[in-house]
Amino acid sequence: MTDQHKILVVDDEPSICWALEKMLTGEGHDVITGSSAEEGLRLAAENELSMVILDVRLPKQDGISALPRFLEVTDNAPVIIITAFGDLETAVAAVRNGATDYLTKPFKLEDALQTCRTALQKSSRRTAPAATQPMDLDPSVLVGTSPAMQQVFRQIALVADSDLSVLITGETGTGKELVSAAIHRHSRRSDGPYIPIAPVALNPDLIESELFGHVKGAFTGASDDRAGLFERAEGGTVLLDEIGDLPLGTQVKLLRVLEQGQYCRVGDVKPRTANVRILAATNSDLHEDVASNKFREDLFHRLTGVQIHLPPLRDRLEDVLPLCRHFLASMKYRDVDTALDDELLEQLKARPWHGNIRELKNAIGHAAVVARGRKLTIDDFPEPKPGRENAGVSPVQSVEKAIRAWTEKAIEESPDTMDLHSDFLAATEPTLLRTVMKHTGGNRAKAAEMLGIHRGTLRDRMRAYHLDDPSANSNS
Ligand SMILES: Nc1ncnc2c1ncn2[C@@H]1O[C@H](COP(=O)(O)OP(=O)(O)OP(=O)(O)O)[C@@H](O)[C@H]1O
């Protein structure tokens, strides 16, 4: 059974207070509510609280600046911050100021409940916050308003202050480097060096020397002792980009750095202490690399302890508008607010964005040059990048993949459907017929022969799909 706790909810929106109160009393807790930081602090001083849920936007003093005072008055009870402005800076400021976690409005009650349960478990282990100074942050760095990006901001905020290794995953161009840089920037190591490095860009014969350094005479050409990347990054953070490309031998040495904080320069036996935080990024499936023995399983488990996944842009289309605005603003485009209309936005959202945000950024740059300050149209944009997913895949494999995707989506959309077969034919048969007709130059007899169906059947099918209208027979 859940322990009973006294919890204070501070929010000026009565509906939020009501919903949280109902949720928490349902768990057996005792809930009191306040509508301003001032009232909340008074209630906190009068009651022995196990937890505070505090909105950022409050009538007078805001939640973030009142947070240190709440911690003081409640003797460091966990505080969950609620914000409608779920940007990275608010998240980091909240955690920096001592918040245990934060929720972004609108939130699902089950998520809020889970966050509260976790915070209450931590209740007795609370320690004072490391710092209470709001940070000087550049708000324009990592843009995104989608729930997926809110989750990413939350994860960055929660891991930034620790020295934990983090594996950042996601397709190319989703912002892994940017997330890594943000973790460093918001960490205690931010005054130290930040060195992103892609093993694939290093000379394979010299990779260990590049990473760990070498001593004089270690190999031909090693005329002097030389510090490696881990030494140069002393006190800071290293990002190993495309970690899946790290040779197996080097993976063992990296594991030692991660587990024991030690490494040796090439040709040396004296272990050195590595004072670096290691972040890693990959756009490949490390599970597969482990299965094919390309990646060590122990290193995989060590790295995947904390993982931040960046979904592809096509799965977070809410971010298209803020990203476009951000890129236009950073180019100092004239009148960013009116440069994009709803129609263009829908057209942009319909694109596959295989190159993700990098592709969007380049496309906006291209469109801005073409449009020269006027409102943008889709014609100002370059052609979408072809997806890499079909590279090396036979047409049969890609048809199978497309059919699988179509079928799964159709079932998801109408689980009780009884027309799947005819819907499928309606979705695919016109393309088949049009393509064959185009190939035979519109000769139906020849097309029926190629299709192996009766001419009458072909005529009926074409009529059913309105393909007998010559203008509908283009193969676009
Ligand atoms: N959320 C974001 N807000 C603003 N800019 C972004 C965002 N995500 C990515 N970008 C921009 O998109 C480009 C690609 O980002 P980044 O290099 O971090 O991607 P990546 O996932 O590391 O790509 P790759 O796997 O190809 O190395 C960069 O110019 C970066 O500034």
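Is the crossing of α4 and α6 left-handed or right-handed? The crossing is right-handed, where right-handed means that the near helix is turned clockwise from the far one by less than a right angle, and left-handed that it is turned anticlockwise. The views below come from a predicted model, in which local features need pLDDT of at least 70, side-chain atom pairs count only at pLDDT 80 or more, and totals for chains, interfaces and linings use all residues. Residues are numbered from 1 along each chain as its sequence is written.

**View 1. Overview of the protein.** The protein has 20 helices and twelve strands; helices (H or I, at least four residues) and strands (E, at least two) are DSSP runs numbered from the N terminus. Of its 476 residues, 34% are buried. A residue is buried if 20 or more other C-beta atoms lie within 10 Å of its own, exposed if 12 or fewer, and partly exposed in between, with C-beta atoms placed from the backbone. Among the contacts with a separation of 6 or more, 70% join residues 24 or more positions apart; a contact requires C-beta atoms, placed from the backbone, within 7 Å.

**View 2. The packing of helices α4 and α6.** The axes of α4 (residues 88–96) and α6 (residues 147–160) come within 8 Å and cross at roughly 35 degrees. Axes are lines fitted to C-alpha atoms, for helices over the stretch in contact, and angles run from 0 to 180 degrees between N-to-C directions. Helix α4 contributes Leu88, Ala91, Val92, Ala94 and Val95 to the contact, while α6 contributes Phe153, Arg154, Ile156, Ala157, Leu158 and Ala160. By class, these are ten nonpolar, no polar and one charged residues. Here Ala, Val, Leu, Ile, Met, Phe, Trp, Tyr, Cys and Pro count as nonpolar, Asp, Glu, Lys and Arg as charged, and the others, Gly among them, as polar.

**View 3. The open parallel sheet.** Five strands are arranged in the order β7-β8-β11-β6-β12, with parallel pairing; strands pair if DSSP finds at least two bridges between them. Strands β7 (194–197) and β12 (307–310) stand at the edges with a single partner strand each, so one side of each is left without a neighbour in the sheet. From one strand to the next, the twist averages 15 degrees. Strands β6 (residues 166–170) and β11 (residues 277–282) pair in the parallel sense over four bridges, and Ile168 has Ala281 of β11 as its bridge partner.

View 4. Asp55 lies in strand β3 (residues 51–55). An unreviewed UniProt entry annotates Asp55 as "modified residue: 4-aspartylphosphate"; such annotations may be inferred rather than shown by experiment, and their positions are given in the numbering used here, with feature names shortened. Asp55 is buried because 24 other C-beta atoms lie within 10 Å. Not counting residues up to four places away in sequence, Asp55 touches Val10, Asp11, Asp12, Gly63 and Ile82.

**View 5. Backbone features in two loops.** The loop between α3 (63–73) and β4 (79–83) holds Asp75, which has a positive phi of about 60 degrees although it is not a glycine. Asp75 is exposed, with 11 other C-beta atoms within 10 Å. Asn76, also not a glycine, has a positive phi of about 65 degrees, and it counts as partly exposed, with 17 C-beta neighbours inside 10 Å. In the loop between β5 (101–104) and α5 (109–122) lies Pro106; the peptide bond from Lys105 to Pro106 is cis, with omega near -5 degrees.

Note on methods
Two residues are in contact if their C-beta atoms, placed from the backbone, lie within 7 Å.
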